Structures are given as C-alpha cells and as structure tokens.
Amino acid sequence: MRGLSGRAALRGLMCRTRASVASLLARSSSGGPSWTLERTLVAVKPDGVQRRLVGDVIQRFERRGFKLVGMKMLQAPESILAEHYHDLQKKPFYPALISYMSSGPVVAMVWEGPNVVCTSRAMIGHTNSAEAAPGTIRGDFSIHISRNVIHASDSVEGAQREIQLWFQSSELVDWADEGHHSSIYPA
C-alpha cells in the first residue's frame with residue numbers, strides 16, 4: 001500500500017508544472033485555493049467502442065465531477081491521426097497504430113474541470129495494460145498495450161492542440177451546470 005501512495009504523490013508532482021503548482025497555491029478571495037478550469041481530450045479507441053465501453057468511460061468522468069462539453073463518434077481520418085500521433089512517426093509501431101486507429105469508430109470527447117488533464121491521466125492508468133493499476137480504466141478494461149481502450153491528453157498544452165485538431169469550436173458547448181458546479185468546486 002505504501003508504494004501506491006508514493007506513486008500517487010509522484011504522479012501528482014509530475015502532472016504539475018511550476019506555474020500550475022503556483023496557481024494551486026494561490027489564494028482566491030475566499031481564502032481557499034484557486035480552481036482553474038481546464039479542458040482535455042479523451043478518446044475511446046476502436047477496441048473500446050467495439051467492446052461497448054463508451055458508457056463506462058463517460059460514467060467514470062461524470063462521477064468524478066467533470067463536465068462533458070463536446071462529444072462525437074467518427075471514423076478518424078488518417079490526416080487527423082497523422083497530426084495527433086506526429087511525435088510517434090519515427091517509431092516502428094507507427095504504421096500499425098495508424099491502421100488500428102482507423103480500423104473502427106472513435107468516440108472523441110472534451111471534458112472540463114479543475115486539474116482535469118492530470119486527473120484524467122491518473123484515471124486512465126498506464127499505457128501498458130500489464131502495468132495499469134486495478135481501478136483505472138486501462139487496469140480494468142485493457143487487454144494489451146496495442147489495444148488499451150482510451151486516450152487522454154498528457155498536458156494542458158497538448159490538450160489545447162488535440163481539442164483544436166479533433167473539434168471545431170462550434171462543436172463545443174459551454175453550458176450552465178445549474179448550480180451543480182458551484183456546489184462541487186469552491187469559488
């Protein structure tokens with residue numbers, strides 16, 4: 001158990017840049033920490049869609065308190081996939097990755113909430129299913145590193161780039177949460 005709490009603390013430190021740590025320490029007018037809303041891209045990959053796990057993924061993010069502001073199902077065009085995975089183009093598995101990601105529908109979503117980028121990465125778990133902790137999406141559902149169910153942006157900057165790649169601004173809905181938001185997150 002001690003190893004898990006140490007890993008969680010390390011992940012928390014790794015997910016925050018110096019600027020975001022400073023913003024977490026900033027005090028709002030009410031004396032509490034500042035709650036900066038972020039957005040992140042989460043995509044259920046073809047194996048997750050085929051295995052009908054989209055509802056399970058949505059449920060976990062909703063139960064965590066995040067707000068869904070965009071969602072669509074699409075057969076991802078190779079142009080989007082090439083840009084999305086541009087940093088992996090020189091890897092030997094790149095052609096198989098593009099082939100797999102274009103083999104079936106993907107459900108792309110944009111989620112909003114405080115620290116949603118780092119938190120979503122913790123929720124999905126390690127890329128390699130053999131190393132993904134039970135309770136994470138990959139730990140519970142992934143069967144192989146090449147069929148790991150889900151993608152989530154790895155940084156705030158990466159999330160902004162990926163959201164712009166997968167969504168038009170008109171496809172994102174900035175909706176009022178009917179008081180729900182204010183009851184979860186302090187002002």
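Which residues do ring pairs link into a cluster? They are Phe-61, Phe-66 and Trp-111. This is a predicted model, where local features need pLDDT of at least 70, side-chain atom pairs count only at pLDDT 80 or more, and totals for chains, interfaces and linings use all residues. Residues are numbered from 1 along each chain as its sequence is written, and side-chain values use heavy atoms, with hydrogens and water left out.

**Aromatic rings**

- A pair of aromatic rings is described by the distance of the centres and the angle of the planes.
- Phe-61 and Phe-66 form a tilted pair, because their ring centres are 6.4 Å apart and their planes meet at 45°.
- Both Phe-61 and Phe-66 are buried (buried means under 20% relative accessible area, exposed over 50%, and partly exposed in between, with a 1.4 Å probe and protein chains only).

**Charges over rings**

- The charged end of Lys-67 sits over the ring of Trp-175, 5.0 Å from its centre (the rule asks for NZ of Lys or CZ of Arg within 6 Å of the ring centre and within 35 degrees of the ring normal).
- Lys-72 has its charged end over the ring of Phe-167, 4.8 Å from the centre of that ring.

**Salt bridges**

- Side chains of opposite charge can pair when their charged atoms come close.
- The count comes to six salt bridges (a side-chain nitrogen of Lys or Arg within 4 Å of a carboxyl oxygen of Asp or Glu).
- One of them joins Arg-60 and Asp-140, with the closest N and O atoms 2.7 Å apart.
- Arg-60 lies in helix 4 (residues 54-64) and Asp-140 in helix 8 (residues 137-141), so this pair ties together parts that are 80 residues apart in sequence. Helices (H or I, at least four residues) and strands (E, at least two) are DSSP runs, numbered from the N terminus.
- Lys-72 also meets Glu-171 in a salt bridge (3.0 Å, N to O). This pair links strand 2 (residues 67-74), which holds Lys-72, with the loop between helix 9 (156-166) and helix 10 (180-184), which holds Glu-171, 99 residues apart.
- Arg-161 forms a salt bridge with Glu-83, the closest N and O atoms being 3.9 Å apart. Arg-161 is in helix 9 and Glu-83 in helix 5 (residues 78-84), so the pair connects parts 78 residues apart in sequence.

**Around Glu-112**

- Glu-112 belongs to strand 3 (residues 106-114) and counts as buried because its relative accessibility is 9%.
- Its side chain makes a polar contact with the side chain of Arg-39 (2.9 Å). A polar contact is a pair of N or O atoms within 3.5 Å; within protein, one must be able to donate a hydrogen and the other to accept it, and residues adjacent in sequence count only if both atoms are side-chain atoms.

**Around His-151**

- The UniProt annotation "active site", from an unreviewed entry, covers His-151. Such annotations may be inferred rather than shown by experiment; UniProt positions follow the numbering used here and feature names are shortened.
- His-151 is found in strand 4 (residues 150-152) and is buried, with a relative accessible area of 12%.
- The side chains of His-151 and His-84 make a polar contact (3.5 Å).

How values were computed
Phe/Tyr/Trp six-rings, centres within 6.5 Å; stacked < 30°, edge-to-face > 60°.
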